[in-house]
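This briefing goes through one protein model, topic by topic. Keep the sequence and the structure in view while reading.

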Amino acid sequence: MKILGIDPGLRVTGFGVIHKEGQRLTYVASGTIRIPDGDLPSRLKVILDGVGELARHYQPDCAAIEIVFANMNPQSTLLLGQARGAAICGLVGAQLSVAEYTALQVKKAVVGQGKAQKSQVQDMVQRLLKLEGLPGTDAADALGVAICHAHMGTGLATLGGLAPELARKGLRIRGGRLVG
């Protein structure tokens, strides 16, 4: 399975592509989409087109993107949310399923703790994917999102596949528990 991870940003959007075979993860590519200054609609179009081009070029099986956190400045949060929306549209436009993970989930999956620093994420991404050099912060974050999906996404897909069978038996999952 080939996974495209996206770390959305209005100035720089990171991307990372990994291949998962069994429990083995292999690096495919990573980098950034640099968004030039300009009005918001043209910047969002760069993200939309860039992410769509990445999907066409690397032909991933699925995608994962980081969920925007609410920060102190509501205007910044709204703008980042729009960048994320443009990236999601690019992925969906390429017929990809899109999983979403918080920064806390990504850090926990990559480093083992949710309060990890960016440098720790970079270091662990380098180690996990056996990279010769340290990836840039935006690319490392995107690779981290892909790694998180490689670890968590397969478990979620398995649970999702069980849902129809559970429903036939009159069971469902609520609050993480099986109920009848």
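Just after helix α2, Gln95 takes a positive phi of about 65°. The model is predicted. The points below start with that helix and then turn to single residues elsewhere in the chain.

**Helix α2**

- Helix α2 runs over residues 74-93, which makes 20 residues.
- From its first C-alpha to its last, α2 reaches 28 Å, close to the 28 Å expected at 1.5 Å a residue.
- The buried residues of α2 are Thr77, Ala83, Arg84, Ala86, Ala87, Ile88, Gly90 and Leu91.
- An α-helix has 3.6 residues a turn, so residues three or four places apart point the same way.
- The cover over the buried residues of α2 includes the strands β1 (2-7), β4 (62-66) and β5 (98-101), and helix α1 (40-58) is also among the elements that provide it.

**Positive phi outside glycine**

- Gln95 is in the loop between α2 and β5, and its positive phi occurs in a residue other than glycine.
- Gln95 counts as exposed because its relative accessibility is 70%, and the cut-off for exposed is over 50%.
- Gln59 is not a glycine either, yet it has a positive phi of about 50°.
- The loop between α1 and β4 holds Gln59, which counts as exposed at 55% relative accessibility.

**A buried charge: Glu66**

- Glu66 is found in strand β4.
- Glu66 is buried yet has no salt bridge; the nearest side chain of opposite charge is that of Lys118, 6.5 Å away. A salt bridge needs the charged atoms within 4 Å.
- Leaving out residues up to four places away in sequence, Glu66 touches Ile6, Asp7, Pro8, Arg84, Tyr101, Thr102, Ala103 and Val145.
- One of these contacts, Arg84, is also among the buried residues of α2.

**Cysteines**

- The structure holds 0 disulfides.
- A disulfide is a covalent bond between the sulfur atoms of two cysteines.
- Cys62 is buried, with a relative accessible area of 5%.
- Cys89 is partly exposed, with a relative accessible area of 48%.

**Asp123**

- Asp123 sits in helix α4, which spans residues 118-128.
- With 28% relative accessibility, Asp123 counts as partly exposed.
- Asp123 and Val111 are 12 residues apart in sequence, and their C-alpha atoms are 8.9 Å apart in space.

Key. Residues are numbered from 1 along each chain as its sequence is written. This is a predicted model: local features need pLDDT of at least 70, side-chain atom pairs count only at pLDDT 80 or more; totals for chains, interfaces and linings use all residues. Side-chain values use heavy atoms; hydrogens and water are left out. Helices (H or I, at least four residues) and strands (E, at least two) are DSSP runs, numbered from the N terminus. The expected span of a helix is 1.5 Å times one less than its number of residues. Buried means under 20% relative accessible area, exposed over 50%, partly exposed in between (1.4 Å probe, protein chains only). Contact means heavy atoms within 4.5 Å. Lys and Arg count as positive and Asp and Glu as negative; His and the chain ends are not counted. A disulfide is a pair of cysteine sulfur atoms within 2.5 Å.
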